[in-house]
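Please look over the sequence and the model shown below before reading on.

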Amino acid sequence: MKKCLSILLLLALLAGCGKSNIPVVSEEPEPEIKPKKETEYQISPTFNQDSNPDNWSVRWEIFQNDEPVESFKRDEDINFCHANNYYPYEGITTFRGNNYRTSPVYGTVNIKENTLEEIWSHGTGQLGEWSGCGWSGQPLIVCWDSETRQIMDIYPEKQSKDKLTEVIYATMDGNIYFYDLEDGEPTRDPVKVGMTFKGTGTLDPRGYPIMYIGSGIASGGKSQRMYAIDLIENKVIYEQSGSDPDALRSWAAFDSSPIIHAETDTIIWPGENGVLYTLKLNTSYDKENRKISINPENVAKCRYRTTLTDKGRWHGFESSCVAVGNHVYVTENSGMMFCVDLNTMELKWAQDVIDDTNATPVFEWKEDGEGAIYTANALRYTANGSKGTTTIYKMDAKTGSPIWSKTFDCVRNGDSSGGMQSSPAIGKKGSDIENLIFYNIASTPSAYRGLLLALDKETGNIVWEYTMNNYTWSSPAAVYTDEGKGYIVICDSIGDVKLIDGISGAFLGSTNIGANVEASPAIFRDTLVVGTRGCKISGVKIK
């Protein structure tokens, strides 16, 4: 490529520089590709005495093309890559960044002042009673390659900007907004869908200009549904209602952030109706003619009943699934965690995690090649009055048996569940916090207070705790310097964005962005983006 550009420049010079008909050729850096650094082990999950689905009388039903079947085998096997390679370009393109749900962060930070500064903001609106950005509400941030940027309906001055890094934010006012990460200026007109978006969208990991997002609240006489958004022409090109005749719950929301297996063109999307969907997308992308389309087939889905749902607890997947190899791990509203083989849709193990679980789990490989899943529940069904507990688990990903668990007191505030609503930040290998995992508990010891914890991954013991005067549902994020020093960033219910030392738990600095932050932030190098319930999206510099 460089040789060809050099020849073009030489020809231009020979023809006479400065003439208006001579094209100016500039070489733009290619998107950064993350190298494969981690060994990709394999897990063959199977239940044991602790995780036998029969312990909870699990009735697992598989559907192929909407018809119940005794067994299923996918035509093309799914086998997810290591999380480091899920999206091999620059950006954060799904909830918590990848298929292990371990990093809503791209790049490193250069922290010198231990401060945070709001550098831009934009207002949003509300749809009915739903205002601003809700839970889990993480933005997506992507640096488009030059060819893709040129075919999208982006404002001309932004389309011509080298290395444009775009913030894409679906909010509860029914719109999807687009901003330049650097200066906060809009990059294109909002996509006006007219449905409340509480959850987090997903971009195609192949770098295709298409976004998937689910609505959390019925609006305008329409039930909640999954959407596909064409980011070339900025329009809805597909929608499917969660009012599924095969569902065992009528609540049709899609707060979960789906995950996409690029090689088989398959999306995995858990629904709050209690159905786990896998759709063959049949994606067609013609970059030359600026066309992208999908034609989904409902290849396979499954539903479940347990002794917990028999007692009146809700069906439904509200958290986002973790994908490892050919398996997904997902928690659900009645208090169960499931491991499912994506190629057969068989249930491999089940585990009772006590109560409603909204927080998305995270996965990590251990040094011996075994895998671990971290999860934690909220306080809903098990409350005694307003009081109860929340439990953090480290599970063996192969067997579903707990490796350790830690229980903490919390309270339930009316219809708002206390305990764990957010997903943890997990210390990255090679950093000074690689042995730690960070959780924040909402509503402990009282309704409007909280606690940020650093736990030892091996033992679950508390290494440090930071008392928060205000609770938070927003997920903590870990950021790192080039040298591997780790910091935790966390947002709370009065709009404080705080910087915490990852090793000691010491408070370093904060800024306030005006209102309750239920949403979880995404961080691109030294810039954090998050929205509030107060109808504002903010860009915050970590300094």
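The second largest cavity has a volume of about 60 Å³, where a cavity is a set of points, on a 1 Å grid over the protein atoms alone, at which a 1.4 Å probe fits but cannot get out, and where a volume is the space filled by probe spheres set on the points, which are joined across faces, edges and corners. This is a predicted model, in which local features need pLDDT of at least 70 and side-chain atom pairs count only at pLDDT 80 or more, while totals for chains, interfaces and linings use all residues. Residues are numbered from 1 along each chain as its sequence is written, and side-chain values use heavy atoms, with hydrogens and water left out.

**Cavities and a pocket**

- The second largest cavity is lined by 14 residues, those with an atom within 4 Å of a point, and Phe95, Trp135, Ser136, Asn358 and Thr360 are the ones that lie nearest its centre.
- The lining of the second largest cavity divides into three nonpolar, nine polar and two charged residues, given that Ala, Val, Leu, Ile, Met, Phe, Trp, Tyr, Cys and Pro count as nonpolar, Asp, Glu, Lys and Arg as charged, and the others, Gly among them, as polar.
- A search of the whole structure finds two cavities of 30 Å³ or more, and the largest cavity holds about 100 Å³ of space.
- Of the 15 residues that line the largest cavity, Tyr41, Gln42, Val324, Gly325 and Trp365 lie nearest its centre, and by class this lining has nine nonpolar, five polar and one charged residues.
- The second largest pocket (an open set of points with protein on both sides within 12 Å along at least five of seven lines) contains about 540 Å³ of space.
- Its lining is made up of 22 residues, with Trp130, Lys198, Glu318, Arg380 and Trp473 nearest the centre of the pocket, and it divides into seven nonpolar, six polar and nine charged residues.

- Leaving aside neighbours within four places in sequence, Ile176 is in contact (heavy atoms within 4.5 Å) with residues including Ile168, Tyr169, Pro190, Phe197, Met211 and Ile229.

**Salt bridges**

- The structure holds 34 salt bridges, each being a side-chain nitrogen of Lys or Arg within 4 Å of a carboxyl oxygen of Asp or Glu.
- One of them joins the side chains of Lys158 and Asp183 (2.8 Å, N to O), and since Lys158 lies in helix α3 (residues 156-159) and Asp183 in the loop between β10 (175-180) and β11 (191-192), the pair ties together parts that are 25 residues apart in sequence.
- Helices (H or I, at least four residues) and strands (E, at least two) are DSSP runs, numbered from the N terminus.
- Lys158 counts as buried at 4% relative accessibility, whereas Asp183, at 31%, counts as partly exposed; buried means under 20% relative accessible area, exposed over 50%, and partly exposed in between, with a 1.4 Å probe and protein chains only.
- Lys457 forms a salt bridge with Glu364, the closest N and O atoms being 2.6 Å apart; Lys457 lies in the loop between β34 (450-456) and β35 (462-468) and Glu364 in strand β26 (residues 362-365), so this pair ties together parts that are 93 residues apart in sequence.
- Both Lys457 and Glu364 are buried.
- Salt bridges that share partners join Lys158, Lys161, Asp180, Glu182, Asp183 and Glu185 into one network.

**Backbone features**

- The peptide bond from Trp135 to Ser136 is cis, with omega near 5°, and Ser136 lies in the loop between β7 (130-131) and β8 (140-143).
- Another cis peptide bond joins Thr444 and Pro445, with omega about 0°, and Pro445 is placed in the loop between β33 (436-442) and β34.
- Asn282 has a positive phi of about 55° although it is not a glycine, and Asn282 is found in the loop between β18 (276-280) and β19 (284-286).
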